[in-house]
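Hi there,

Here is the structure I promised to pass on to you. Please have a look at it first, and then read my notes below.

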Amino acid sequence: MLYDAFDLQTDLAAQTRAWGRLLNDIWSPWVGWGEPATWMSAGARMMMRAGLTFARPPYGIEAVNVGNRSVTVTEEAVEVTPFATLLHFKKDIHTEQPKVLMVAPMSGHFATLLRATVRTMLPDHDVYITDWHNARDVPLADGRFGFDDYVSHLIQFLRTMGEGAHMVAVCQPAVQALVAAAAMAQAKDPATPRSMTLMAGPVDCRINPTGVNELATSKPIEWFEKNLIATVPTRHRGAGRKVYPGFVQVSAFMAMNAKRHIQGHADLFWHMANGEREKAEAIETFYDEYFAVLDLAADFYLETVKTVFQDHALARNAVSYRGEPIDLRAIRRTALMTVEGERDDICAVGQTMAAHDLCSDLAPSMRTHHLQAGVGHYGVFAGRRWETQIYPQVRNFIQAHN
């Protein structure tokens with residue numbers, strides 16, 4: 001019923017967008033005459049933005065500057081599974097650069113949320129990314145996808161990339177990156193990453209718990225399964241699959257900062273009405289990405305809530321993989337960097353840094369931590385401070401352990 005109701009809302013939003021396009025065509029030729037045409041045109045453009053989208057936006061990275069020249073970037077699907085693509089941002093250069101697996105979060109958004117992160121890293125690194133697929137489009141015949149399956153994807157992708165790769169995990173997958181590195185270390189896998197950088201990830205949610213953490217522990221796991229899990233309707237390829245809908249996740253995130261999002265859309269309207277194109281485009285770009293949603297497989301969502309946020313299994317070094325216990329102290333040859341944001345209200349200060357205590361057998365020379373002042377969750381991996389203050393630290397860390 002939840003998903004059927006949302007599909008009805010989606011159909012209504014499509015009609016609203018159609019009316020918006022019609023009104024914009026009517027009023028946009030008269031914008032130069034001033035009010036009320038500018039207001040009507042701005043209102044029509046706001047109507048054209050109604051609703052969420054469910055297709056992955058493009059990365060749009062066609063070229064980057066390497067040294068003193070611009071080089072072409074092409075997207076290459078190196079390996080494809082029903083649930084993900086190992087996507088390579090291939091550059092037209094002959095110089096060997098550190099191979100980096102960018103581990104994108106599976107949190108209701110597509111991996112393109114890390115577009116700015118990838119763009120910043122590309123000049124100095126050979127970048128791959130876990131490009132997760134929308135679970136609502138994966139047929140039931142392709143099987144389940146749970147916590148262990150996420151870890152398996154990281155291990156398989158690292159093996160495909162070959163020896164000597166590095167991992168950079170943003171937000172939620174800091175957990176799976178740690179488990180994958182430990183499992184590979186225990187198995188003496190030659191593809192074990194040389195380093196891993198964990199950015200704003202929920203390693204130990206008992207430290208400075210946020211609203212997200214408190215919600216996860218306020219209800220039994222049965223409540224989450226009953227109230228937040230939906231069945232994909234027959235109109236989609238994944239019909240019958242149980243999912244945690246992306247629209248539920250995005251709605252929850254927006255509710256946490258409702259005033260900011262309301263103000264953001266008010267600002268967008270007035271920037272459009274006043275002809276401030278650059279300011280309007282900046283807000284539009286953010287919300288184009290923010291409102292492109294991805295459904296999570298229910299097994300993965302529920303197992304993550306239970307393992308990470310309720311049982312704190314990772315924080316207690318009591319996590320398992322494929323039925324075998326994993327000891328994070330096995331990580332001895334993978335250098336560790338953790339990054340946190342001072343104002344992060346999703347993964348609070350201390351939650352990611354806890355990884356150092358868990359990897360207690362790792363030599364001090366192979367670990368470092370960076371706390372970035374003045375940034376929230378998204379500022380850790382996007383924006384000016386990421387580019388000018390955080391990234392140089394990450395780049396130097398990877399280079400030192402390459």
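Let me start with a question: does Glu-303 count as buried, partly exposed or exposed? Glu-303 has a relative accessibility of 27%, so it counts as partly exposed. Please keep in mind that this is a predicted model.

Glu-303 also has a charged partner: its side chain forms a salt bridge with that of Arg-144, at 2.6 Å from N to O. This pair links distant parts of the chain, since Arg-144 sits in the loop between β5 and α4 while Glu-303 is in helix α11, 159 residues apart. Arg-144 makes a salt bridge with Asp-149 too, at 3.6 Å from N to O. Of these two, Arg-144 is partly exposed at 45% relative accessibility, whereas Asp-149 is buried at 16%.

Another salt bridge joins Asp-361 and Arg-332, whose closest N and O atoms are 3.4 Å apart. Asp-361 lies in the loop between α12 and β14 and Arg-332 in the loop between β12 and β13, so this pair ties together parts 29 residues apart in sequence. Through shared partners, salt bridges join Arg-144, Asp-149, Asp-299, Glu-303 and Arg-322 into one network. The count of salt bridges comes to eleven.

Next, take a look at helix α5, residues 174-186. Eleven of its 13 residues are buried, so α5 is largely enclosed by the rest of the structure. Its buried residues pack against several elements, including α4, β6 and α11.

Finally, find Gly-67 in the loop between β1 and β2. Its relative accessibility is 76%, so Gly-67 counts as exposed.

Enjoy exploring!

Note on methods
Residues numbered from 1 in each chain as written. Predicted model: local features only at pLDDT ≥ 70, side-chain atom pairs only at ≥ 80, totals over all residues. Heavy atoms only, no water. Helix = DSSP H or I, 4+ residues; strand = E, 2+ residues; numbered from the N terminus. Expected span 1.5 Å × (residues − 1). Buried < 20%, exposed > 50% of the residue type's maximum accessible area, 1.4 Å probe, protein only. Contact = heavy atoms within 4.5 Å. Salt bridge = Lys/Arg side-chain N within 4 Å of Asp/Glu carboxyl O.
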